[in-house]
Amino acid sequence: MMNRIISSKLVDSMCVISSRRLSFAQSAVNTVQKQKELIKSRELEKDELRPLYMDFQATTPMDPRVLDAMLPYQVNYYGNPHSRTHAYGWESETAMEKARKQVADLIGADPREIVFTSGATESNNMSIKGVARFYKAKKNHIITTQTEHKCVLDSCRILEAEGFEVTYLPVKNNGLIDLKQLQERISPHTSLVSIMTVNNEIGVKQPIEEIGHLCRSKNVFFHTDAAQAVGKIPINVNDWKVDLMSISGHKIYGPKGVGALYVRRRPRVRIEPLQNGGGQERGLRSGTVPTPLVVGFGAACEIAQQELEYDHKRVTVLANRLVQKIMSEIPDVVMNGDPEQRYPGCINLSFAYVEGESLLMALKDVALSSGSACTSASLEPSYVLRAIGADEDLAHSSIRFGIGRFTTEEEVDYTVEKCIQQVKRLREMSPLWEMVQEGIDLKSIKWTQH
Amino acid sequence: MAASSREHVLSLYRLLLKESKKFPSYNYRTYALRRVRDAFRENRTVEDPKDVEELLRRARDSLALIQRQKVMEKHDTQFTSAILLQRCR
């Protein structure tokens, strides 16, 4: 009995010793394994932990319902919608016409007034150059604003080189145009006024209904780039008296590479086509219509119409939450653009005494942008911010937060927290902030030249 | 009608939530769960049987859609892991 107890105790102690030895060996192995795991997890992290997406003005993820609508047309029903002689063509054409109706319903138009294009850039080019060139015999003046999208400004620049006269209307400090100025500038030689509905950088909503009525009364065509507005605010081209409207697919949770141009039929707007060919799309835009893309685009428009109120309510709540939290925690934050006349999902904030690029890099696990995607490659501050009269240093330190259908409260809270933390940290490091804290007025400093 | 009975609606709701939880993508998953819950809550007091039928039909279509989507995303993650394996080699 004693033997058994002793032997069992011995065995136990041996087990303990061996287990200690084992545990030592095991712990060594464990550290090596942990190191391997650390290395492995770093690799996985690169592929798995994606940043939060808060850049809905640049592009939007496709809604799963849109993808579902597109799939059959990518795989099975692949016919050319302009083939008149067989079932592949017929079914493809039916789908295309259904999509056309869905797009038209969203903006209150007739399906025959919708022309499918490759995106809002093409639609803008088509409408501006097309109208200007068609009516150039009698009218050679075009009016636009300084805050338009680059494609509009660039088209106008090309027209200037062709001999047209272009007026770039300035905007007030809140981003809205002055209706009186517009009224003064419209002359009997004006063929087109082009003003975007919702600005993609500062989210400001222009008074489109008033502008439309003004243009109709003066017999001038009115084009609006509604890429950021369609599906987000209620639009009716007849109430607004709009003659041409550009729509983009990938801004309303649809596929990239497709868009539409609304061209009014009564009173008829004539356009000189940019793309010539087989006469598709009423001769205004020849080329095979990409059925899967337009089917997806149509589905996105239908979903947007159904979800408009729900999304708008949610986006407003989230946007207010973001702005309130940031503004209450850190001082010297300026919101660019009118606080009332705006689409709530596009928030452009300028953080004084903090450099925009460094803040973006500090917030590397949130996908944000400063200025629009098409101008972010250059180091100059955005021309839109310059047009609304923002100071150079405030223009450099602006960040655009985009909130959309898929944004969650947690994402907004995380972004706000990270933003506040990083702004405080960057300001600690900033000598300008130190000087401001001491009460020095930065504008009164004479910086010496080296 | 038996098709629009309370149990049927509830079971459809539970099925939709169960399927929505399986989306691998965070944004789609949270959106689906939130939208299903809000839609059912919003239409709680609808009385007209035709409207109820229409709403239930939409719910059933959404369920089929979500089930199809999950198959797609499963394939998608399989592709990414395949690419990872190739890179490791």
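**Loop residues in chain A**

I started at Pro267(A), which sits in the loop between strand S8 (259–263) and H8 of chain A. For the naming, helices (H or I, at least four residues) and strands (E, at least two) are DSSP runs numbered from the N terminus. This is a predicted model, in which local features need pLDDT of at least 70 and side-chain atom pairs count only at pLDDT 80 or more, while totals for chains, interfaces and linings use all residues. Residues are numbered from 1 along each chain as its sequence is written, chains are lettered from A and ligands numbered from 1 in the order written, and side-chain values use heavy atoms, with hydrogens and water left out.

I then checked the peptide bond from Arg266(A) to Pro267(A): it is cis, with omega near -5 degrees. Next I looked up Lys241(A), in the loop between strand S6 (221–225) and strand S7 (244–248) of chain A. Its phi is near 55 degrees, positive in a residue other than glycine. I noted both because most residues other than glycine have a negative phi, and most peptide bonds are trans.

**Helices H3 and H8 of chain A**

How do H3 (residues 87–107) and H8 (residues 291–329) of chain A pack? I found an angle of about 35 degrees, with the axes 8 Å apart. Here axes are lines fitted to C-alpha atoms over the stretch in contact, and angles run from 0 to 180 degrees between N-to-C directions. The crossing is left-handed, meaning the near helix is turned anticlockwise from the far one by less than a right angle.

On the H3(A) side I listed residues including Ala95(A), Met96(A) and Ala99(A), and on the H8(A) side Val294(A), Phe297(A) and Gly298(A) are among them; contact means heavy atoms within 4.5 Å. The contact residues divide into eleven nonpolar, five polar and two charged. In this scheme Ala, Val, Leu, Ile, Met, Phe, Trp, Tyr, Cys and Pro count as nonpolar, Asp, Glu, Lys and Arg as charged, and the others, Gly among them, as polar.

**Salt bridges**

Within H3 of chain A, Arg100(A) and Glu97(A) lie three residues apart, about one turn of the helix, and their side chains form a salt bridge at 3.2 Å, N to O. The rule asks for a side-chain nitrogen of Lys or Arg within 4 Å of a carboxyl oxygen of Asp or Glu.

**Where chain B meets chain A**

Two salt bridges cross this interface. I looked at Glu307(A) with Arg35(B), whose closest N and O atoms are 2.6 Å apart.

The contact takes 15 residues from chain B and 20 residues from chain A. On the chain B side, they divide into seven nonpolar, three polar and five charged. H2(B) gives the largest share of that side, eight residues.
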